[in-house]
Every structure is written in structure tokens, then in C-alpha cells.
Amino acid sequence: MKNAQKTGEAEHEDLLVRRIMNGTVIDHIDAGEALNVVKILGIAGTTTEALSIATNVMSGQMGKKDIVKLSNRELSKDEVNRIALISPRATINIIRNFKVYQKKGVEIPTLIEGSVRCPNPGCISNTNEPIKSKFAVLPNGLRCLYCDSVITKDLTSHII
Amino acid sequence: MPGGVGTQHIISIGDFDRTEIDKLLDHARQIDQNKYDTFALQGKILAVLFFEPSTRTRMSFESAIARLGGTSISVSSIEACSIAKGETLADTIRVVSGYADAIVIRHPKEGAARLAAEFAHVPVINAGDGAGQHPSQTLLDLYTIRQSMPIDGIDVALVGDLRYGRTAHSLASALSLYGVRLHTISPKGLELPASLATALSENGMEIIEHDDITDVIRQVDVLYVTRIQRERFPDSTSYFNVSSSYRITPELLSTAKAHLIVLHPLPRLDEIDPRVDALPHARYFEQSRNGVPVRMAMLLKVMQ
């Protein structure tokens, strides 16, 4: 699907963040969650590419929303699906040559690996063992696949 | 990396459905009646990795493998193995996998057995991980109940430290498969974890909290008593006050149903008056002995 990147409600955001040539635009993030989205993607401190974040942008559908634009990197399905945990209405636009090459929603994954810390200090995943944390996604939270601890609220505080 | 296709592990009682539990308990009963092959595991080696103290679990696993013709090799503490030199459990497990045909592990960290199963090339049996799971204890608890009565629909009281007591957690989960009504009696702060209580309720289990054992003693079929540990209390006086109020005595049992059985994973401290030992209700030593046939059935399940 090839649409122009700039559409209806994006007009206002254009004033805040320039269009990108290639990369990923994560749109319709729940207002205030952009920094958590960046955190859960694990790109906050590691990317060398341009990263633009806009928060509390006016949105026809949502009232207010956040937007994250990441240049020169197309996020994988697994990466973007993590976003569903904190912002299930987010949409992902893969941009190539200033055009939307692909547009998709996020799907709640069944397994979250390596991006959430188990709240149980006695859990083996909180030691120096060569493993990543693993959580099964439940209807009302996450369950640690090592110690069975369940996270039902304040998920973002457990993001690594 | 992990155990390979078809490798069976026993990590949590939650990995079993009702049919699998009943099948294993039936097999344990056959073994208990001496209907087993004493050479079934001849030439097989069981690695017994206990990073926490244990008498019953460890010795009954060693007895179980010996009765089936196999042998065991062991590590008895963190201080006595390479973990004391900074080796990860993952590496220890990978190494030990090369020395044995199955691994039994007890470890202070929750989830340690699941990690071991990820890195082992042989079957792993969880013999207790922190405050987490202890499936072999649960299976022998169920076996002991079943020796006295069908498990379906009975009233079971869990008494003592229900917060940190892993045996109580595992047993409660298993009993939820049998339509059991669960009564809990525990000191303040040591109640069944809310997350577990919620999960059990969602599984259809009726759970009733009581302040006093006398409220429920006439009603229950099984009294499952767990140790209240001194270290959970700020001083010995408060420990003594609490533990004495949860003590099982002949006087308390005088009002119980005739067929009530008293179970305890042992070791006991002051929770059960020694005078109870002589009463027909007392089944905790038999329960402990049942660890051998039940663990033999478990070893046969994963090693044959």
C-alpha cells in the first residue's frame, strides 16, 4: 500500500516534527506514553538514528496522542507488538522515500521477552544468569514464566 | 540448547492435568505394592543438586533411584560446588547434564528449576525453588490423602505459614482440580498470596478464611499443617505467641471427624503436639514415607 505520508490529522504534527525519508512512524500512541514506547522498544539510549518524539498532539480520533518517528530503521513485528501492552491503539507506518510503504496496527503478543523486569526479587531472572526475562501475556497482565509472579498494574514501571 | 525434543521435565504441579496426576498416583500405588522392576533404571545416574538444606526430599529421591537399580551423584550446598566460584546455574546445569541421566534440583531462587530445564540436556525435576513450586511434595500429599479417602469434594484446611510455604501453594493449586473446598488459617501477614487466591477462585475453588482452627475443626477432612518459621517474626516472644495459637493438640482433635487426617510436610517444630503422633489422625510420618514410591513413579516417568 503506497499512500502519501502526510494525511488529514498529521497536518498539525508536521509543525512539530518533520517528515522522515525512511524509517518508522509510530502514530496514535496514547497521550503521555511516547517515552514508554521508546523505552519498551529498547531504542532510547542505543539508537544512533534520528529519533523524534511528539507528545500531546491534537488528534481528531483520540483528542490527544503521541507520535514517535525513527529514521532509517524499520521496526520488526515483534518490536512493534510490544507497544500493544501500553498503547493498543497505536499504528505503525513504515516509511520509504517519504511515502507510507506499509501501515499496520499493533497486536498483543503472547510472549514478552527481555523488556520487562520481574517484580519478584527472589526470581531467578533477576540474577546474573544468562537469560532474558520471559512473560506470558494474560488478559489482565503479565505472568513471569520463571517464577509465576503476575504483574497486573503499573506495567511501565517494570519495563527494563 | 534446551533438553531436546521429547525431554520430560517436572517443574510445577501446574504442568499436570488431573488425568496425569491420577495416572502417576496410580503408578505410585502399584510401586507401593512392590509391583515394580527393581532393575528398571539400572545403569542410570541421577544428579541430586541441592543448594538448600533438605533431609526428606533429598534422601527419598536417593532412595527412589536406588530401589529402581540406578545410582545418584550429588552436590549438597552452594558452598560445595562451582557456584561458590561464581559459576552461573546455567553453566552448572549444562555441565551436570553430561554426567547424569536426570537432574533433581532444589534452589533458593524461584524459577531456578525452570531455568535448569532450559539449559539441561536431560530431564529436570524440581525439588523446591524458593517460595515457588515443590511438585513432588504435592504429589505425595495427594497420594497420602487418597490412601484415606477420595479427594473429590472434600474439605481441606491449610494451617500455618501460607504466604511463604511452597508446599501449601502447590497443594492448593492441585486441590483445585478436585473440587476441594479450601479453608485457610494463618497468622496475620502470612496469608495465602492474593494472586494465588485469585487464581484458585478463578479456577472455581471455594476458599474460606478463618481466624481460628476451632472454627473449622469439626468440618474438615484433612488438616494440612505447615511450619511457621521463627525468622518471619521480629522476636521470639511474638513467634511463640503466634505459633502456640496454631498448635494441633489431642484436645483440639477430640472434636474432629473420626476420619480426619493430619498432614505436615515436616520438619515440624511446635505446630503439632507430639501426643498427636499416637492418634489415628496422624499421617505425617506415613506421608513422609510415601515420598519414596511417589518419587519412584516420577523418576520412571521422566527417565524411562
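At what angle do helix α2 (residues 56–67) of chain B and helix α11 (residues 291–303) of chain B pack, and how far apart are their axes? In this predicted model, the angle is about 60° and the axes lie 8 Å apart. The crossing of the two helices, α2(B) and α11(B), is right-handed.

The residues that meet at this crossing can be listed for each helix. From α2(B) come R56(B), S60(B), F61(B), S63(B), A64(B), I65(B) and R67(B). Their partners in α11(B) are G291(B), V292(B), R295(B), M296(B) and L299(B). Sorted by class, the contact of α2(B) with α11(B) comprises six nonpolar, three polar and three charged residues.

Ten of its 13 residues are buried, so α11(B) is largely enclosed by the rest of the structure. The buried positions are G291(B), V292(B), P293(B), V294(B), R295(B), M296(B), A297(B), M298(B), L299(B) and M303(B). Among them, G291(B), V292(B), R295(B), M296(B) and L299(B) also meet α2(B). The length of α11(B) was compared with expectation. At 1.5 Å a residue, its 13 residues should span 18 Å. The end C-alpha atoms of α11(B) are 18 Å apart, which agrees.

Chain B also touches chain A. Here 13 residues of chain B are in contact with 15 residues of chain A. On the side of chain B that touches chain A, α3 (89–97) and α4 (112–119) of chain B each supply at least two residues. Helix α4(B) gives the most, with three residues. By class, this side of chain B holds five nonpolar, five polar and three charged residues.

Along the sequence, the elements of chain A are arranged as β-α-β-α-β-β-α-β-β-β-β-β-β. Chain A has 160 residues, of which 33% count as buried. Its contacts were also sorted by sequence separation. Of the contacts in chain A with a separation of 6 or more, 64% come from residues 24 or more positions apart.

Key. Residues are numbered from 1 along each chain as its sequence is written. Chains are lettered from A and ligands numbered from 1 in the order in which they are written. This is a predicted model: local features need pLDDT of at least 70, side-chain atom pairs count only at pLDDT 80 or more; totals for chains, interfaces and linings use all residues. Two residues are in contact if their C-beta atoms, placed from the backbone, lie within 7 Å. Helices (H or I, at least four residues) and strands (E, at least two) are DSSP runs, numbered from the N terminus. Ala, Val, Leu, Ile, Met, Phe, Trp, Tyr, Cys and Pro count as nonpolar, Asp, Glu, Lys and Arg as charged, and the others, Gly among them, as polar. Axes are lines fitted to C-alpha atoms, for helices over the stretch in contact, and angles run from 0 to 180 degrees between N-to-C directions. A crossing is left-handed if the near helix is turned anticlockwise from the far one by less than a right angle, and right-handed if clockwise. A residue is buried if 20 or more other C-beta atoms lie within 10 Å of its own, exposed if 12 or fewer, and partly exposed in between; C-beta atoms are placed from the backbone. The expected span of a helix is 1.5 Å times one less than its number of residues.
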